[in-house]
Amino acid sequence: MAKSMQQDASTTAIRLIKLLSFIPQDSKGVSSSYIKDRLETHGFVLDVRTIQRDLMALSREFPLETRQEVRTNFWYFRKNTQNQWPAMSPDTALAVMMADQNLKPLIPESARLTRLSQAVRQPTF
């Protein structure tokens with residue numbers, strides 16, 4: 001594969017990973033326009049139609065749902081899906097890690113299998 005083709009494929013993969021990280025689990029979801037704006041802050045300048053096509057393709061491979069209001073689709077991850085992609089803010093990630101490390105001795109074993117524990121064990125990308 002030519003070097004420019006490898007760079008294009010790599011750039012596309014990074015863009016799609018970024019795109020997935022902007023999609024919440026909250027059923028309020030985010031619009032394609034919101035994702036477009038967020039991608040632009042990371043140096044990816046695309047039209048909304050390209051993002052819509054990406055979302056449709058990704059929804060065939062990942063547990064994405066869409067909710068339509070008027071003429072706008074709002075995208076979100078299906079609830080209770082293992083290993084979701086939605087990104088935590090750095091502040092939230094720090095708070096979750098600190099809570100896990102510092103509160104573990106205070107929480108009964110039976111109560112440790114909570115969403116907090118799942119969030120801590122969730123792989124990072």
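The protein exposes about 8700 Å², an area from the Shrake-Rupley method with a 1.4 Å probe, where for residues only the protein chains shown count as cover. Of the 125 residues, 25% count as buried (under 20% relative accessible area; exposed is over 50%, partly exposed in between; 1.4 Å probe, protein chains only).

This is a predicted model: local features need pLDDT of at least 70, side-chain atom pairs count only at pLDDT 80 or more, and totals for chains, interfaces and linings use all residues. Residues are numbered from 1 along each chain as its sequence is written, and side-chain values use heavy atoms, with hydrogens and water left out.

The elements run α-β-α-α-β-β-α-α from the N terminus, giving 5 helices and 3 strands (DSSP runs: helices are H or I, at least four residues; strands are E, at least two; numbered from the N terminus). Among contacts with a separation of 6 or more, 51% join residues 24 or more positions apart (contact: heavy atoms within 4.5 Å).

The structure holds 4 salt bridges (a side-chain nitrogen of Lys or Arg within 4 Å of a carboxyl oxygen of Asp or Glu). The table includes three of them.

| Pair | N to O distance |
|---|---|
| E40 and K36 | 2.4 Å |
| R78 and E65 | 2.6 Å |
| E69 and R67 | 2.3 Å |

E40 and K36 sit 4 residues apart in helix α2 (residues 32-41), so about one helical turn separates them. E40 is partly exposed at 31% relative accessibility.

R78 and E65 form a salt bridge. R78 lies in the loop between β3 (72-77) and α4 (90-103), and E65 in strand β2 (residues 64-69), so the pair ties together parts 13 residues apart in sequence. R78 is partly exposed at 39%; E65 is too, at 27%.
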